[in-house]
Amino acid sequence: VVKLWYGVTSVMLAAYVVMDGFDLGAGAVHCLVARTNEERRQTLAAIGPFWDGNEVWLLASGGALFVAFPKVLAVGVSGFYFAIFLVLWTLILRGLAIEFRSHVNDALWRAAWDFIFSLASTLLAVFFGAALGNLIRGVPLDQNGWFALPLFTDFSGRNPVGILDWYTVLVGLFAWAALAAHGAVFLTWKTNGAVSARSHALGSRLYFVTAILWVAATLATIKVNPEIFQALTRRPLAWFCLLVAVLGVVQVFFGLARGAHLRAFVGSSCFLAAVLAATATCFFPTMLRATTDPALTVTAYAAASDPQGLRTALDWWVVGFPLAILYFVINFRLHRGKATAAAEGHGY
Amino acid sequence: MRDALLWHRLQFAFTVIYHYLFPNLTMGLALLIVVMKAMALKSGDERWNGVARFWIRIFGINFAVGVVTGIPMEFQFGTNWAGFSRYAGSVVGHTLAMEGLFAFFLESSFLSLLVWGERRLNPVGHFIAAVALFVGSWLSGYFIVATNAFMQHPTGYAIGADGSLRLADFWAFVLNRWALMEYAHNMLSSVVTAAFVVCAVGAYYLLRGRHSEAAGRFLSVGTTVGVIAAVLVVFPTGDRQAKLVARYQTPSLAAMEGRFESGPMAPIVLIGQPNVSARRLDNPIRIPGMLSFLAYGTFHSDVKGLLAFSPDTWPDNIELLYYSFHIMAGLGTIMMAIMVLAAILKWTGRLARSRWLLWVLMLAFPLPYIAVTAGWLTAELGRQPWVVYGLQRTADAASPSVHAGTALFTLIGFCGLYFVIGVLFLFMIGREIAHGPVEIVAEVARG
C-alpha cells in the first residue's frame, strides 16, 4: 500500500506537470507568439478556462503527500522554505495576471500584466525543474532528520549544497525548454491564425533544445546521483517509460510536420509524463536523499502513514479521482475548438 | 526558536485572515447567485439574469483573489508548521487532501463556465455551473472546518508507535460534533456577509437614484436570505458553539469573558477591560447569571474562572481573545437587529423610502467582515496554548529548521504583496460597482 501511494503521488504530480505545464509553457512563450492585444487575448482564451483546474493538481499532489507521507511533507517543505515562498508568490502574481489583465481596457495595464504573466510563467518552469534537480541530487539531512537549504552556496553541487547549483540550474533550464515547448505545441493546436503559426515554428525549435538539454541533464544525473542508473538496470517499468518518452518526442516532430497538432500535443504530454515516471520509478523507495550520510536518507516506507490510514485514504481517493477526471472532460468538451478572443469586456 | 514562533504565528494569522476575507464573501455569494439564477429560471424574467450577471462578475474577482491567496495556506502547514504536520499529518492530511480532490477540482473546472460561459451554455447549464460553484465552495469550507475542528476538539485519532497521531476512526474524525456546529455557524456567517454586501450595493444605488430596478432586487434577495442567516448565526448555532467551548475548552470560556473567580450566577460581561496581571476585569458592566444560563442552562451553574486552572493551560493572549469574542458577539447582535428591521420594511414595501435605513445598510457592509474575523480570532486564540487541543502545544508545532530571520523575511514579503493585491482588488471592485448592472445587460444583449 506504501508503493501504491508512492505511485498515486507520482501520478498526480505528473498530471500537474502535464496539465499546468501547458499553461505555464503558453505563458513562457506568450509575448513571443502573440504580438497584438487581440492575439494575446487569444492565448489567454486558450488557457483561461483551464489554468485554475490545472493548478489544483499541485494542491492535490501536496494533499496526497500530506496524507500518505506526512514526514516527507514536514521535512521537505520546511527545508525548501525560501524556494517554496518564491514559487507561491510567483503563482499568486501569475494567477492575478491571467484573471485581471483583460478586465481593464487600457494598454499600460495590459502590458504590465502581460509582462508579469510571461516572466512568472518562465520563472515557475525553471523553479519546478530546479526542485526536481534538488530531489535527485539530495538534501543535507541532519542527525535529527531535518534540513534547511540555502538558496545558493558555491554552485558546485557538493556539500554544503544550495537550492541552486550547476546541476539544479541545468535541470531548471531543461524544464523551462520542455514546458515552453509543451505550451507552444498546445497553442499550435488550440489557436489558429498567426498565433498558431508562430507557436508551430517556435515549438519545433524549442523541442530540439529540449531534446539536447534532456540528454545533457541525463548525463549530468549520472555524475550527481549514480544510484538512479543502477536502479535502471533492475526496473523494466523505467525502460518502458523511456521508450514512451522517446516515442513522444517522435510524435511531436511528426505531428508538427504533418499538421496533426493534437497528435503533437499528446506526444508532448506523453514525453513529460514518461520522463517523470521513469525518474520516480528509478528513485523509489527514496523520497529525500541525504547528501550528508546515506544512512539518513528518508524512504517511502519510513515516511508513510500507518497502513490502515493509507487504505482509508485510498477508499475516498478512488471516488474522488474519477470525479476530477470527469470535470476535466466536461470542461475540455465545453471549450472544444479553436480559442478566439472574446468581445471586449468579456473573457480572458 | 522561541522568537521564530512569534513570526510563524503572525505570518499564518495575517495570511489566513487576509485570505478568508474573500472566501467569506464568495461562499455566501455563491448561494445568493444560485437563488438569483433559480428566480430567473422559474420566472423567466431576464432581469434576474442581469442581476445575477452583475454579482457573478463581483464573485469572479473575489474568487480569483481567494484562489491565489489560498494557495500559500496549504503549503504553510509544511513550511511553517512542520512540527504539526509531522505529528498530525496522518489525520488532518485526509481532510486537506479531500478538499483538493472533491472541492477544488469542482470549483476550478466550473468557475470559468460560470463567469464567462453564459453564452456557451443554455440557461439550465449556466444554473448548473452556479450550483457547482456553490457545492464546491461549501464542500471546501467543510473540509477546512473539519480540519480546524480536529485541532479544537480532536476525535477519531489514536497515538501511533512513534508518538505521532494516526487515524483510528474516519467517520468520528470527519463527522466531529465540533465540526458540524462550527460549520453551520461559519457558513451562516458567510451568508450574512454576502447578504450585507448585496444590500449595501443595492442601498447605494437607491440612494444615488441609479439602477433602481436592479437595486430593488438586490435588496429583496439580500434581506430575505440575510434575515434568516443573521438570526440562525446567533441562535442556535452561535449559542451551541459557545456551549461546546464551555464543555471542552473551559479555560477558554473563562478567558473570553475575562473571568478569574469561579462560582454560580456567573454574569455575562457587556463591556470592561481585562486586567490580567491584577486578575480582574476593570470597569465591568454585567448581566448577572446570564453566563451560567447560556453556558450550562441554569442560573446556578458553576462557571469556572481562570484561577481554577493551571496558568500553563491559559490561552496566551487573554486580552485579545476577550475583545475578539465581545466584538463578534456585539456585532452579531447589531447585524441581526439591522437585518430584521430591513426585512420588515422590505416586506411591507417601505424600505426604498426609508433613506436612513438605506444609509445604515450601505455603510454596514464592513461589520460582517469584522465580526467573522473576530470570531475566527476567538476560535484560534481560544485554542491556545495548544495547536491540537490537549495533545500538542503550539510551541512544538513550528518548523525546527526555520529561524526567525527567515520567517520574518517571508512575513514582510507577504505584507508588501498583499498590500498591492488589496489596492488592485479595491480598484477593480470599485470599477464594477461604478459600472453597475444595467450596462452589462445591454452589452450582453448586443453581443
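Close-up 1. Helices (H or I, at least four residues) and strands (E, at least two) are DSSP runs, numbered from the N terminus.

A word on what you are looking at: this is a predicted model, where local features need pLDDT of at least 70 and side-chain atom pairs count only at pLDDT 80 or more, while totals for chains, interfaces and linings use all residues. Residues are numbered from 1 along each chain as its sequence is written, chains are lettered from A and ligands numbered from 1 in the order in which they are written, and side-chain values use heavy atoms, leaving out hydrogens and water.

**Close-up 2. Glu344(A) and Arg41(A) joined by a salt bridge.** Here the closest N and O atoms are 3.7 Å apart. Glu344(A) lies in the segment after H12 of chain A and Arg41(A) in helix H2 (residues 37-68) of chain A, so the pair ties together parts 303 residues apart in sequence. Arg41(A) is buried at 2% relative accessibility, whereas Glu344(A) is partly exposed at 35%.

**Close-up 3. Salt bridges within chain B.** Arg393(B) and Asp312(B) meet at 3.9 Å, N to O. Arg393(B) belongs to strand E6 (residues 392-393) of chain B, and Asp312(B) to the loop between helix H9 (290-296) and helix H10 (318-347) of chain B, 81 residues apart. Lys37(B), Glu46(B), Arg53(B) and Glu118(B) are linked in a network of salt bridges. Over all chains, the count comes to 23 salt bridges.

**Close-up 4. Helices H1 and H12 of chain A.** The axes of H1(A) (residues 2-33) and H12(A) (residues 307-334) come within 12 Å and cross at roughly 20°. The two helices are therefore roughly parallel (angles under 35 degrees). Contact residues (heavy atoms within 4.5 Å) include Trp5(A) and Phe22(A) of H1(A) and Trp317(A) and Phe332(A) of H12(A).

How values were computed: Axes are lines fitted to C-alpha atoms, for helices over the stretch in contact, and angles run from 0 to 180 degrees between N-to-C directions. Angles under 35 degrees count as roughly parallel, over 145 as roughly antiparallel, 65 to 115 as roughly perpendicular and the rest as oblique. A salt bridge is a side-chain nitrogen of Lys or Arg within 4 Å of a carboxyl oxygen of Asp or Glu. Buried means under 20% relative accessible area, exposed over 50%, partly exposed in between (1.4 Å probe, protein chains only).
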